[in-house]
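Please examine the sequence and the three-dimensional structure shown below. The paragraphs that follow lead through them step by step.

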Amino acid sequence: MQIDIITIFPKMFDPVLNESIIKRAQAKKKVKIIVHDLREFTLNKHRKVDDRPFGGGSGMVLCAEPIFRAVKKISSGARGKGQGARTKVILLCPQGKKFDQKIARGLSKNKHLILICGHYEGVDERVRQNLVDEEISIGDYVLTGGELPAMVMVDAVVRLIPGVLGDKNSLNFESFEGNLLEYPQYTRPAQFMGMNVPQLLLSGDHNKIELWRKKEALERTRKRRPDLLLKTKKIVR
Ligand SMILES: C[S@@+](CC[C@H](N)C(=O)[O-])C[C@H]1O[C@@H](n2cnc3c(N)ncnc32)[C@H](O)[C@@H]1O
């Protein structure tokens, strides 16, 4: 998979892309992530990429011209590698579809994503209307820019690419897979400050442990996120 990110603050991505699992995924060539400075694509001689909104009002709006040019250039480059037809262009936007595990899983199957990070008051409406395949929000709050949302998306998507996480099972039993929250996890020591690990987990009986985990996951979901249970057709009563 290739992920291209268009932003006016490319340096913001350095720490996130160069640590931990995301860094290893790139080293293992499971994903190629390229961060582009939007200013590199403008024809404006002062590298200006924003302007005042027509009709008045506060703040600045990112211009359509550099964004269109960036997407065109990036997708034609990717097309050379046989990816162009499957390029999905996503605008990070508080008005978009709310990001969740299902969307992350769907996106992890794409060959090529282009993420556009807005800033200031947002982007020229013509970008939404004519360039973007999907608008995605990471929640009902407004951030200063699309950079943090893009990082959230990249993290959630990349770890779902086959081979990125070492243990295949660590994906299967995670929260939101099958609309359940994950069961409680414990590690050594079995006793800590008078608090004990449930005895069953120390028994070595894998069938019983699996059953316990399913029950706990269900109970937890019922208590904390009953809305998730309504989403699944297999409601266990
Ligand atoms: C200050 S926001 C613009 C908000 C816009 N004026 C509005 O009211 O819808 C600037 C940029 O941050 C990003 N952004 C802010 N909140 C976001 C969220 N919850 N999810 C995704 N992107 C967000 C978007 O890229 C947006 O263009």
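The expected span of a helix is 1.5 Å times one less than its number of residues. Helices (H or I, at least four residues) and strands (E, at least two) are DSSP runs, numbered from the N terminus. This is a predicted model, in which local features need pLDDT of at least 70 and side-chain atom pairs count only at pLDDT 80 or more, while totals for chains, interfaces and linings use all residues. Residues are numbered from 1 along each chain as its sequence is written.

Helix 6 comprises twelve residues, which should span 16 Å at 1.5 Å a residue; the end C-alpha atoms of helix 6 are 16 Å apart, which agrees. Among the buried residues of helix 6 are Met-151, Val-154 and Val-158; a residue is buried if 20 or more other C-beta atoms, placed from the backbone, lie within 10 Å of its own.

Five strands form an open sheet in the order 2-1-6-5-7, with parallel pairing; two strands pair if DSSP finds at least two bridges between them. Strand 2 (32–37) and strand 7 (134–137) are the edge strands, each pairing on one side only. Strand 5 and strand 6 (residues 112–117) run parallel and are joined by six bridges. Within this pair, Ile-90 stands opposite Leu-115 in strand 6.

Finally, consider the ligand. It is surrounded by 20 residues, and the closest include Leu-92 and Pro-149; a residue is near a molecule if its C-beta atom, placed from the backbone, lies within 6 Å of it. Strand 5 (residues 87–98) contributes the largest share of this shell, four residues.

Technical notes
Buried ≥ 20, exposed ≤ 12 C-beta atoms within 10 Å, placed from the backbone.
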